[in-house]
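Colleague: I'd like to go through how the terms are applied to this one. Could you show it to me?

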Amino acid sequence: MAEPFVVFGASGSGSVPIEAALSLLELPYRVEESAPWEGQEAANRLAHINPLRQVPALALPTGELMTESAAILIWLADAYPNARLAPALTDARRPAFLRWMMFVSSAIYALYWIADSPARVIEREEDHAATRARLFDRIARCWEQMGAQLQPGKYLLGEDLSVLDLYVATVSRWSPGRRRFYEVAPGLADIVRRVDADPRLATFWTQRFPFTQGWER
Ligand SMILES: N[C@@H](CCC(=O)N[C@@H](CS)C(=O)NCC(=O)O)C(=O)O
């Protein structure tokens, strides 16, 4: 039997959409629980996988290692096209797919490097809360832009669920949280709720990003 995929990640983290995609693809995988934010030791344990000491990372059955959530999601969708988790290369929706995958990664996800730990760039501790609040405003503004420019169908890119839906359903749960997301991008609210409620992912969500009381904030 082929080696399974190995996901380096943690519940509620950026590994969640990757794990969700692997589940939908019915591919064998295991998770190496890795939470670099828990301290220097945990971060250092990841260094041989990702020198930036970040999750997610994915070890492919060939032994090749991938980092970068958007790249991993796009690769998985393209490598297993029968599941239709991304528009094909020649599909008219492909440019929008790539555009919004990169937008979530670079305009939104990247900001958490500072938001999670403002001391990385801001000296004065008394400025940290305001920095965080500004970053969350920026993230909300990005969701607003995305909502204003996408014309979703049942899912973000039309009638098929794609890895973009998994990505947005996960990242939109991070601060400033889903309530704000619904406010600024009302046209996307039903889509993420549909992904939350996808029966194929019910057990998965419970295990990896549960909808505990007050989760929407
Ligand atoms: N560009 C990376 C960002 C990954 C990232 O920020 N991961 C967070 C967890 S969700 C992390 O590992 N944070 C710890 C740190 O940056 O030190 C990606 O898209 O995969």
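**The ligand and its surroundings**

Modeller: Gladly: an oxygen atom of the ligand is 2.9 Å from an N or O atom in the side chain of Q54. This is a predicted model, in which local features need pLDDT of at least 70, side-chain atom pairs count only at pLDDT 80 or more, and totals for chains, interfaces and linings use all residues. Residues are numbered from 1 along each chain as its sequence is written, and side-chain values use heavy atoms, leaving out hydrogens and water.

Colleague: How many residues of the shell around the ligand are nonpolar, polar and charged?

Modeller: Six are nonpolar, three polar and two charged. W37 and P36 are among the residues around the ligand, and Trp and Pro count as nonpolar, so both belong to that class.

Colleague: Which domains does the shell draw on?

Modeller: The shell takes at least three residues from each of domain 1 (5-83) and domain 2 (94-198), with bounds from an automatic or database domain assignment. Their C-alpha centres lie 20 Å apart. The contact between them (heavy atoms within 4.5 Å) takes 17 residues from domain 1 and 14 residues from domain 2.

Definitions and conventions
A residue is near a molecule or strand if one of its heavy atoms lies within 4 Å of it. A polar contact is a pair of N or O atoms within 3.5 Å; within protein, one must be able to donate a hydrogen and the other to accept it, and residues adjacent in sequence count only if both atoms are side-chain atoms.
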